[in-house]
Amino acid sequence: MKILLNDQQVHEADFESKEGKKAFWHTSAHLLAQAVKRLYPEAKCGIGPAIENGFYYDFDFGFQFSDEHLQAIEEKMKEIVKESLILQVYDVSKSEAYAYMEERNESYKMELISEIPDDERISFYKQGDYAEFCAGPHISNVSFIKAVKLLSVAGAYWRGSEKNPMLTRIYGISFPKASMLEEYLKQLEEAKARDHRKLGKELELFALMEEGPGLPFYFPKGLILKNNLIDYWRKIHSREGYEEISTPIMLMRTLWEKSGHWDHYRENMYTTSVDDTDYAIKPMNCPGGMLVYKSKQHSYKEFPMRVAELGIVHRAEKSGTLHGLMRARSFLQDDAHIFMREDQVMSEIQGVMRLIDEFYDRFGFKYEIELSTRPENSIGSDEEWDLAIASLKAAVEGVGKPYAINEGDGAFYGPKLDFHIRDSIGRMWQCGTIQLDFQLPQRFELEYIGEDGEKHRPIMLHRVVFGSIDRFIGILIEHYAGKFPVWLSPVQAKILPVSDKYLEYGKALASELREAGVRVELDKSDEKLGYKIRAAKMDRVPYILVVGEKEMANHSVSVRSRDLEPDKQEIGEMAVMKFVERVREESVK
RNA sequence: GCCAAUGUGGCUCAGGGGUAGAGCAAUUCACUCGUAAUGAAUAGGCCGUGGGUUCGAUUCCCACCAUUGGCUCCA
């Protein structure tokens, strides 16, 4: 042990910077391992990095891990912090590093070290009695970690492979101040309160039942939401020159063999047989779309041909992956296939990108773009893949949007541009995607007659904007915390008669508003006004309409808006027709 | 699929080897009420499913199913 590398220190004051946080959390991860080793010397360490929010560390405990253990480790961490251990960094040869880990029976660390080139020096970070090889950087003293909380325990495969043993991963978060931890935990709780599964139940939007894991049921209010999204989608797509088709939900196995899905995706397809013929429920809409294309002859004059399909697809996702509407086994895809000539590729891709931008912007979503390249198990030639990737790259660079490259994550038939939206607790979900596909047109021998009178093969792209409309609804629920904008709200206004005496007026008003196109509900309960207000608030209804003596006399409503706090209510009497206009205005916004 | 936890009235949860309890919701009655919970009464449960242990299981054990948190996967 030689020197303390001052240039790699990051102090508490740097917690605001990204690197500073990373160093802080990375040291916290080491602290976690240190606590574990003090309590359970037999436990073996895997790896423990800083992540976007906090840190984790993987351990092989060799015994059944419980919440009590987690508590004990957290307490031990707090104890160690008080020791004010200084971080020391030094480097050793590979063999020394290996010997150090071997002595401590750290087999996972030994495996990692053995893969490092022989002549490389390996840096170690040491805090008191604990040292581990690590590239750093770290903070200079563990005492900066004033607040630490271990959040959860989960299984995680060693080195991320299903074939390896499963280690126990402990997730934690830490801060230089206790108040920051409190703030963070509060945020977590708020995010939890927006969970689409919880709100979906409370607001009677949808449900998942034991009888159909991953297969969502929609209640009347949820379907209003869904249908509104679909109406909006149809309006914009029609404007953009898309035509809509519908293809069967189930088709013969031979079709899936032809498309390549049978070879590449069979485990995830639901199958059945009818009259000794095998069928599969569609996991994607494209093969059906191919048959529609082939059902007649096409000319270059029809191009670009934008053919959309709102198709329900089913995918047999592994049980452990299901997550409410975000990851389901059946969902409605807002698919479209665009058939075109090579010289139309760029403008079509950019057209879809603009469309996606318009959609997401309408909901106020920020998104990130990823370009996914050729995966291992793919079909097609290198030239086709190179050309397709180059086209997507040129298109995305042409519109000047930032993007990340996701190597090897493309579809088996082509590369794709993915559009990711963040949910309320920071998880990213893929929604839109644009995929270039040279394979299906070949496999299905798609053709068009060109200017030269000869047959040519069209280029095709797949694209979705919502992706899964169901997933999009899940994200919307969390994004708005159930307070949907007026145009989406299942119930736009709730009428609250001050007492039973005004129930009749309430009924008449409800019909009047309904006829005017307002989605309205009447509270018929025999409760006090305060109670009804509270109930309407909890329903997240945009407008609460109180009606009593005055309103009945004036043919008016007293409007109370959902969004304001109790002390700053926007309450005002308004003529019924004026209120209708207001709702209409907000509905087309 | 893997690791771990959980599963008790419509919802949120307490309980615990002798066949269950609260709050909210529901229903009924009284009150007729002006901007975040009026009061009273009633009804509602095969304690996830199937086995086992036991005189007796909702409680203990095993398996399965579902859910939750992650991991792997997401064409």
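**Helix packing and the RNA-facing surface in a predicted model**

The crossing of α3 and α4 is left-handed. This holds for a predicted model. Helix α3 spans residues 94-103 and helix α4 spans residues 107-114. The two pack at an angle of about 165°. Their axes lie 8 Å apart. Angles over 145 degrees count as roughly antiparallel, and α3 and α4 are therefore roughly antiparallel to each other. On the α3 side, the contact is made by K94, A97, Y98, M101 and E102. On the α4 side, K109, M110, I113 and S114 take part. By class, this contact of α3 with α4 holds 5 nonpolar residues, 1 polar residue and 3 charged residues.

Helix α7 covers residues 220-239, and helix α14 covers residues 469-480. Here the packing angle is about 110°, with the axes 11 Å apart. The range from 65 to 115 degrees counts as roughly perpendicular, so α7 and α14 are roughly perpendicular to each other. The crossing of α7 past α14 is right-handed. L225, K226 and L229 of α7 meet I469, F472 and I473 of α14 in this contact. The residues of the α7 contact with α14 comprise 5 nonpolar, no polar and 1 charged.

Chain A contains 18 helices and 30 strands. Its C-alpha atoms fill a box of roughly 85 × 75 × 50 Å along the principal axes. Of the 589 residues in chain A, 36% are buried. Contacts in chain A with a separation of 6 or more were also sorted by sequence distance. Residues 24 or more positions apart account for 69% of them.

The surface near RNA strand B was then considered. Around RNA strand B there are 60 residues. Among these, G155, G320, A411, S499 and G548 come nearest. By class, the surface near RNA strand B divides into 21 nonpolar, 21 polar and 18 charged residues.

How values were computed. Residues are numbered from 1 along each chain as its sequence is written. Chains are lettered from A and ligands numbered from 1 in the order in which they are written. This is a predicted model: local features need pLDDT of at least 70, side-chain atom pairs count only at pLDDT 80 or more; totals for chains, interfaces and linings use all residues. Axes are lines fitted to C-alpha atoms, for helices over the stretch in contact, and angles run from 0 to 180 degrees between N-to-C directions. Helices (H or I, at least four residues) and strands (E, at least two) are DSSP runs, numbered from the N terminus. Angles under 35 degrees count as roughly parallel, over 145 as roughly antiparallel, 65 to 115 as roughly perpendicular and the rest as oblique. A crossing is left-handed if the near helix is turned anticlockwise from the far one by less than a right angle, and right-handed if clockwise. Two residues are in contact if their C-beta atoms, placed from the backbone, lie within 7 Å. Ala, Val, Leu, Ile, Met, Phe, Trp, Tyr, Cys and Pro count as nonpolar, Asp, Glu, Lys and Arg as charged, and the others, Gly among them, as polar. A residue is near a molecule or strand if its C-beta atom, placed from the backbone, lies within 6 Å of it. A residue is buried if 20 or more other C-beta atoms lie within 10 Å of its own, exposed if 12 or fewer, and partly exposed in between; C-beta atoms are placed from the backbone.
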